[in-house]
Amino acid sequence: MLEQVCPIMPSRDFDVTEGFYRSLGFEVFRYGGEYLIANRDKVELHFFAAPDHQAETCDHGAYIRPLDVDALSAEWAAKNMAGPDTSDYPRFRAAEDKPWGMRELHVLDPDGNLLRVGQEIR
């Protein structure tokens, strides 16, 4: 019966959020100054206006399951996002095998929202 889940995450600045997600291949739609939706394939991410939000204290995120995590990792790595060893946002870590049987990449967007992207290791 369930078909899709759409996480709702904070955005301090819709211009920054829109630019970031467009750079990752998402289409972005704004609904007034209060709501933004980013779509790519069957993934839909929702954002609410949170001008006082702090990226370093963010506890929002989404888990995305692509058809090819390595292809997506290569695509997003080419965006030259900040490395995982800095305190800057966004941050990116390329796909790697995890002990729980998944191959995962992760991205922290400019607001500290976590996108964990994974595929079962075969």
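In the predicted model described here, R103 is partly exposed, with a relative accessible area of 24%, where buried denotes under 20% relative accessible area, exposed over 50% and partly exposed the range in between (1.4 Å probe, protein chains only). The partner of R103 in a salt bridge is D97, and the closest N and O atoms of the two are 2.9 Å apart; a salt bridge is here a side-chain nitrogen of Lys or Arg within 4 Å of a carboxyl oxygen of Asp or Glu. D97 is likewise partly exposed, its relative accessible area being 48%. Because the model is predicted, local features need pLDDT of at least 70 and side-chain atom pairs count only at pLDDT 80 or more, whereas totals for chains, interfaces and linings use all residues. Residues are numbered from 1 along each chain as its sequence is written, and side-chain values use heavy atoms, with hydrogens and water left out.

The protein chain contains two helices and eight strands, arranged along the sequence in the pattern β-α-β-β-β-β-α-β-β-β; helices (H or I, at least four residues) and strands (E, at least two) are DSSP runs numbered from the N terminus. The radius of gyration of the chain is 14 Å, which agrees with the value near 14 Å that a compact globule of 122 residues would have, the radius being taken over C-alpha atoms and the globule rule being 2.2 Å times the number of residues to the power 0.38. Along the principal axes, the C-alpha trace spans about 45 × 40 × 25 Å. Of the 122 residues, 42% count as buried, and the accessible surface comes to about 7300 Å², 50% of which belongs to carbon and sulfur atoms; these areas come from the Shrake-Rupley method with a 1.4 Å probe, and for residues only the protein chains shown count as cover.

Among contacts (heavy atoms within 4.5 Å) between residues at least 6 apart in sequence, 49% join residues at least 24 apart. With neighbours within four places in sequence left aside, H46 is in contact with C6, P7, I8, M9, Y35, L36 and I37.

The salt bridges of the model number ten. In one of them, D111 pairs with R12, the closest N and O atoms being 2.8 Å apart. D111 lies in the loop between strand 7 (102-108) and strand 8 (114-120) and R12 in the loop between strand 1 (8-11) and helix 1 (14-23), so that the pair ties together parts 99 residues apart in sequence. At 3% relative accessibility D111 counts as buried, whereas R12, at 37%, counts as partly exposed.

A further salt bridge joins R30 and D15, whose closest N and O atoms are 2.4 Å apart. This pair links distant parts of the chain, R30 being in strand 2 (residues 27-31) and D15 in helix 1, 15 residues apart. R30 counts as partly exposed at 36% relative accessibility, while D15 is exposed, with a relative accessible area of 53%. Both residues belong to a network of salt bridges that links D15, E18, R22 and R30.

With regard to charge, the mean positions of the 13 positive and 22 negative charges of the chain are 5 Å apart. In this count Lys and Arg are positive and Asp and Glu negative, with His and the chain ends not counted, and the place of a charge is taken as NZ of Lys, CZ of Arg, CG of Asp or CD of Glu.
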